[in-house]
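Visitor: Please take one part of this model and go through it closely, residue by residue where that helps. After that, I would like to see how the rest of the model is arranged around it.

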Amino acid sequence: MKLKLAISSAIEALLANVLRSFLTMLGIMIGVASVMAMMAISEGAAIQVDQQISALGASNLTVRPGASRRGGRHSGANSAPPFTDKQVQILQQEPYVTAISARNSGGVTVVSGSDNWATQLYGTNVGYFETQSWGVTAGELFTQRQISQSAAVVVIGKTVADTLFEGTNPLGQMIRAKNVPLRVIGVLEEKGQSSFGGDRDDIVIVPITTARNRILGAHKTTPKHVSSIEISVADGYIMADVQNQLEDRLREIRRIKPGAADNFRVFNIADFVRARSSTQATMGVLLAFTAAVSLIVGGVGVMNIMLVSVTERTREIGLRMAVGARKGDILGQFLAEAILLCLIGGLIGSALGVGAAELAANVGGFPISISPMIAATALSAAIFIGLFFGYFPARRAAQLNPIEALRHE
Amino acid sequence: MPANPTSAEPLIKCVDVTKTYIMGEQQVHALNGVSVDFIAGEMTAIMGPSGSGKSTLMNLIGALDVPTSGDLFIEGRNLANLGADELADLRNKTIGFVFQQFNLLNRATALTNVKLPLRYSRNPLADIDARAAECLSMVGLSDRMDHRPMQLSGGQQQRVAIARALAGHPSIILADEPTGALDSRTSNEIMELLVNLSKQGITVILVTHEEEVAEYAARKIYFRDGVIVADDRKTK
């Protein structure tokens with residue numbers, strides 16, 4: 001087969017009927033555009049999920065008290081005895097722990113001058129900020145020393161800072177939570193939306209001792225209680241293994257008898273995000289599949305027009321054979337025509353697909369990601385469609401009997 | 001170069017060639033054991049009523065079709081031994097076709113039409129444009145190279161077709177009713193052109209049913225019912 005001749009003959013044929021060529025391409029254009037747009041959107045969603053997971057700390061384990069059971073009565077989650085400072089200290093010695101947080105929380109209304117704001121108050125240890133990789137944009141975090149003194153200091157989230165201290169510097173100002181005056185020593189970095197939709201910046205954080213002793217109050221049975229622990233796991237450990245080891249260790253230190261149920265739960269929040277996003281991923285796959293179907297329908301359109309074209313040009317094919325075209329030359333010419341149609345359609349479609357994805361991002365607020373990989377996939381799909389659906393008409397042209405073809409009216 | 005019928009290896013040799021078509025349940029014997037030779041440079045007219053087998057023989061010589069039985073030799077090669085690609089190459093290099101309906105590509109210029117066989121050649125010329133232009137001037141159309149078929153008269157279109165047949169330096173030109181779509185004055189011009197080519201050594205074989213056209217040929221073969229009934233050479 002003579003490649004250059006096949007391509008130049010194909011171009012001549014396509015230019016001979018520009019409108020038809022364009023209409024034939026339309027199906028491929030729409031197909032490639034929708035495949036591109038769908039891939040860009042589902043890729044964008046996947047990247048967003050990854051970002052959420054890494055914002056949560058991809059290698060963090062959360063520990064909460066489980067449900068308690070007394071006299072056959074099952075209480076709700078978190079009703080089991082809380083953890084204690086002591087337990088946190090013991091867990092800190094485990095080899096896989098790089099940082100460990102102790103946290104109590106509760107809703108409070110904070111007051112500054114004549115302004116007030118209902119928000120979430122956390123009492124934490126120093127390790128909390130490490131497990132969240134959270135720092136301050138202004139001021140500083142509280143210290144271990146301030147924790148042991150139950151110091152009346154607070155670091156505030158950006159939302160709280162913006163609400164209570166709009167336009168002024170919050171550092172050194174006083175706010176009151178449950179009538180306890182607290183001095184603002186730091187403003188936290190912006191974290192944005194949590195994966196569950198909450199505003200992570202709508203928060204005030206005080207030393208855990210301050211929260212226990214002065215604001216939220218102590219647990220009725222466990223004085224130095226901790227209601228939630230988060231552990232950052234060192235690199236190189238397998239999360240599932242660490243989770244098992246941690247559970248064993250917790251049974252030990254919480255003195256749970258063999259055979260008795262755990263009174264705590266260990267979970268990996270990243271898993272929740274992944275599970276939630278798997279629905280999104282399924283949607284993305286379904287959409288991409290629908291788009292691929294439209295690409296195939298476009299391919300059938302190309303095949304249809306190519307078959308018409310072969311019938312219309314039967315005499316021309318006969319003539320080409322009479323002047324010395326081999327079967328392979330004819331096959332190549334029609335195959336080149338189909339591939340060229342799909343390739344040009346694919347290129348235009350790619351541009352349209354990028355446009356559609358940008359539109360989805362700007363108007364619909366979808367996160368998108370357009371990589372060269374997506375364009376390459378969509379284009380090679382178009383070429384494959386041309387090859388696949390062009391072969392049958394091209395073969396029909398190549399198999400024509402030259403005498404009958406020359407006599408064709 | 002007047003042909004000498006008694007000497008030299010024939011350019012085309014048909015040995016007991018038959019061709020049978022099956023039309024439904026009926027067998028049609030288009031050729032019924034034809035043996036005939038064609039000598040290089042001789043111009044031959046094949047005549048006979050329609051369905052007598054003359055076009056079938058042309059198609060066989062043109063390597064567009066294969067005989068049901070018998071052998072066909074062109075330049076000493078038995079066509080039965082050639083594959084589809086070799087037959088295509090033979091049509092490209094050795095044979096030029098001229099058709100009653102011209103069969104030009106309507107969207108292409110005269111020059112592009114003449115270039116067509118050169119583009120399919122396995123030993124492409126360095127400058128196919130020059131060769132195509134040369135062939136167009138040989139048929140007297142050097143001033144019409146950029147015209148499309150629709151802008152040319154019937155006679156001019158047939159000359160483009162002849163130029164196309166000449167492009168690959170063929171030794172044989174097969175013309176099937178070349179004047180069938182032309183008026184008598186234009187027919188004469190086309191026939192003069194073919195006679196000229198024959199004088200240059202090209203073997204011209206034409207199928208016609210017009211006596212005046214056949215008169216240009218040095219030899220006339222008459223077909224009836226798939227066999228040759230007469231084979232006359234002009235004596236000078």
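Guide: A:Ser105 stands opposite A:Tyr122, which belongs to strand 6 of chain A. The model is a predicted one, in which local features need a pLDDT of at least 70 and side-chain atom pairs count only at 80 or more, while totals for chains, interfaces and linings use all residues. Residues are numbered from 1 along each chain as its sequence is written, and chains are lettered from A and ligands numbered from 1 in the order in which they are written.

Strand 5 and strand 6 (residues 115-124) of chain A run antiparallel and are joined by 10 bridges, where two strands count as paired if DSSP finds at least two bridges between them. The hairpin that these two strands make has 2 residues between the strands, and A:Gly113 takes a positive phi near 60° there. Strand 5 of chain A (residues 97-112) also pairs with strand 13 (residues 228-233) of chain A, in the antiparallel sense and over 6 bridges; here A:Ser101 faces A:Glu230 of strand 13 of chain A. A further antiparallel pairing, over 2 bridges, links strand 5 of chain A to strand 9 (residues 174-177) of chain A, with A:Val110 opposite A:Ala177.

Confidence is given as pLDDT, the predictor's score for each residue from 0 to 100. Chain A has a mean pLDDT of 87, with 96% of its residues at 70 or more, and among its elements strand 2 (residues 69-70) of chain A has the lowest mean, 66, whereas helix 10 (residues 314-322) of chain A has the highest, 95. Chain B averages 91, and 96% of its residues score at least 70, but pLDDT stays under 50 over residues 1-7 of chain B. Where pLDDT is low, the predicted coordinates should not be read in detail.

For the complex, the predictor gives an ipTM of 0.92 and a pTM of 0.72. In the interface, 18 residues of chain B are in contact with 16 residues of chain A, contact meaning C-beta atoms, placed from the backbone, within 7 Å. On the side of chain B that touches chain A, helix 2 (84-93) and helix 3 (110-119) of chain B are the elements that give two or more residues, and helix 2 of chain B gives the most, 6 residues.

Chain B also has an open sheet of 4 strands in the order 2-1-4-5, with antiparallel pairing. Strand 2 (26-38) and strand 5 (77-78) of chain B are at the edges with a single partner strand each, so one side of each has no neighbour in the sheet. Within the sheet, strand 1 (residues 12-23) and strand 4 (residues 69-74) of chain B pair over 5 bridges in the antiparallel sense, B:Ile12 having B:Ile74 as its bridge partner.

Conventions. Contact = placed C-beta atoms within 7 Å.
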